[in-house]
Amino acid sequence: MTAGDELPPVLPSGPDDEYECVLVDPEAARAPSAGEPGESLCPPGYVPRLKRRTPHRLHGKEVASEKPPEENPHPPPAD
């Protein structure tokens with residue numbers, strides 16, 4: 001990798017599909033040893049984070065829920 005190469009800000013984690021790797025140290029990621037495979041979730045210069053999971057189902061812009069609708073406790077002011 002040369003100094004002009006752009007590093008991806010997020011990579012998938014090879015060992016575990018539940019994680020993704022976020023770039024935190026570009027210099028460590030460009031180091032010659034960074035290309036060697038290891039036992040960690042992420043390569044050097046990256047840290048693992050859990051992938052985002054949507055805790056609810058969406059139907060367009062509407063949240064699909066089994067619960068009855070609730071009234072907004074802070075409605076917008078009337079014009």
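**Entry: a bridge pair**

I started with Val10, whose bridge partner in strand S2 is Val22. This is a predicted model, in which I take local features only at a pLDDT of at least 70 and side-chain atom pairs only at pLDDT 80 or more, while totals for chains, interfaces and linings use all residues. I number residues from 1 along each chain as its sequence is written, and side-chain values use heavy atoms, with hydrogens and water left out.

**Entry: the elements**

I counted one helix and five strands in the chain. Read from the N terminus, the order is β-β-α-β-β-β.

I then looked up the confidence, pLDDT, which is the predictor's own score for each residue from 0 to 100. The chain averages 79, and 77% of the residues score at least 70.

I found three strands in an open sheet, in the order S1-S2-S3, with antiparallel pairing. Strand S1 (10-12) and S3 are the edge strands, as each pairs on one side only. The twist from one strand to the next averages 35°. The angle is taken between N-to-C directions, from 0 to 180 degrees, with axes as lines fitted to C-alpha atoms (for helices, over the stretch in contact).

I noted how strands pair in general: through backbone hydrogen bonds, parallel or antiparallel. Here I count two strands as paired if DSSP finds at least two bridges between them.

S1 and S2 run antiparallel and are joined by three bridges. The two form a hairpin with six residues between them. How many bridges join S2 to S3? I found five, and these two strands also run antiparallel.

I looked at Cys21 from both sides of S2. Leu11 stands opposite Cys21, and Cys21 stands opposite Pro48 in S3.

Cys21 is also joined to Cys42 by a disulfide, with an S to S distance of 2.1 Å. I count a disulfide where a pair of cysteine sulfur atoms lies within 2.5 Å, and by this rule there is one. As a reminder, such a link is a covalent bond between the sulfur atoms of two cysteines. The angle about the S-S bond is -90°, and the link of Cys21 and Cys42 is left-handed.

Which parts does the pair tie together? Cys21 lies in strand S2 (residues 19-23) and Cys42 in the loop between helix H1 (26-30) and strand S3 (46-50), so the pair ties together parts that are 21 residues apart in sequence.

Are the two cysteines buried or exposed? I use buried for under 20% relative accessible area, exposed for over 50%, and partly exposed in between (1.4 Å probe, protein chains only). Cys21 is buried at 0%, and Cys42 is buried at 10%.

**Entry: two arginines**

I found Arg49 in strand S3. Arg49 counts as partly exposed, at 36% relative accessibility. Arg49 and Cys21 are 28 residues apart in sequence, yet 6.3 Å apart in space, C-alpha to C-alpha.

What is Arg49 in contact with, leaving aside its neighbours within four places in sequence? I listed Val10, Glu18, Tyr19, Glu20 and Val22. Contact here means heavy atoms within 4.5 Å.

Arg30 is in helix H1. Arg30 is partly exposed, at 25% relative accessibility. From Arg30 to Pro44 I noted 14 residues in sequence and 8.5 Å in space, C-alpha to C-alpha.

**Entry: totals for the chain**

Buried residues make up 13% of its 79 residues. Its accessible surface is about 7,000 Å², with 55% belonging to carbon and sulfur atoms. Such areas come from the Shrake-Rupley method with a 1.4 Å probe, and for residues only the protein chains shown count as cover. Of the contacts with a separation of 6 or more, 41% are between residues 24 or more positions apart.

Notes: Helices (H or I, at least four residues) and strands (E, at least two) are DSSP runs, numbered from the N terminus.
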